Amino acid sequence: MLAHCQRAMERSMIGIKKEYKIQNTVIRSKTKVTDDVLTRIDSLKWRWTGHMLRGTQEKWSNIITDWYPREGRRNRGRQSKRWEDELKLTAGPK
């Protein structure tokens, strides 16, 4: 969804409509945008994770990251995503 929005913004920057059916690689070469939004988000998450690991345990950001507020039964529906789940998805279970 974010990548779709980014491509739409790039198209509007150079005045190309979607109905022209120009490939994204051509649009990317004209706008000279180097980072994809999803890879940028991943790199910023890893930077923040490294920052948190180097810090002390008394920081509120470390305490909040490890805190699980749920007690008892979970609500119905899709499980809420946690920061840890995203990191495990990118790096693997270890």
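These legends describe close-up views of a predicted model.

**View 1. Helix α1, residues 2–14, from end to end**. Helix α1 has 13 residues. After α1 comes G15, which has a positive phi, near 75°.

**View 2. The buried residues of α1**. A3, Q6, E10 and R11 are buried in this helix. Seen down the axis of α1, the buried residues fall within an arc of 140°, so they line one face of the helix. An α-helix has 3.6 residues a turn, so residues three or four places apart point the same way. The cover over the buried residues of α1 includes α2 (24–31) and α3 (37–54).

**View 3. E10 and its contacts**. E10 belongs to helix α1. Its relative accessibility is 2%, and because buried means under 20%, E10 counts as buried. Leaving aside residues up to four places away in sequence, E10 touches I27, R28, T31 and V33. For E10 and K21, the separation is 11 residues in sequence and 14 Å in space, taken from C-alpha to C-alpha.

**View 4. The largest cavity and its lining**. Rolling a probe the size of a water molecule over the atoms shows where empty space is left. In the whole structure, a search finds one cavity of 30 Å³ or more. The largest cavity holds about 40 Å³ of space. Its lining is made up of D42, K45, W46, E86, L87 and T90. Two elements, α3 and α5 (83–91), each give two or more residues to this lining. By type, the lining residues are two nonpolar, one polar and three charged.

**View 5. K45, one of the residues lining the largest cavity**. K45 is part of helix α3. Is K45 buried or exposed? With a relative accessibility of 18%, K45 counts as buried, because the cut-off for buried is under 20%. When residues up to four places away in sequence are not counted, K45 touches W83 and E86.

Note on methods: Residues are numbered from 1 along each chain as its sequence is written. This is a predicted model: local features need pLDDT of at least 70, side-chain atom pairs count only at pLDDT 80 or more; totals for chains, interfaces and linings use all residues. Side-chain values use heavy atoms; hydrogens and water are left out. Helices (H or I, at least four residues) and strands (E, at least two) are DSSP runs, numbered from the N terminus. The expected span of a helix is 1.5 Å times one less than its number of residues. Buried means under 20% relative accessible area, exposed over 50%, partly exposed in between (1.4 Å probe, protein chains only). The arc is that of the directions from the helix axis to the C-beta atoms. Contact means heavy atoms within 4.5 Å. On a 1 Å grid over the protein atoms alone, a cavity is a set of points where a 1.4 Å probe fits but cannot get out, and a pocket is an open set with protein on both sides within 12 Å along at least five of seven lines; lining residues have an atom within 4 Å of a point. Grid points are joined across faces, edges and corners, and a volume is the space filled by probe spheres set on the points. Ala, Val, Leu, Ile, Met, Phe, Trp, Tyr, Cys and Pro count as nonpolar, Asp, Glu, Lys and Arg as charged, and the others, Gly among them, as polar.
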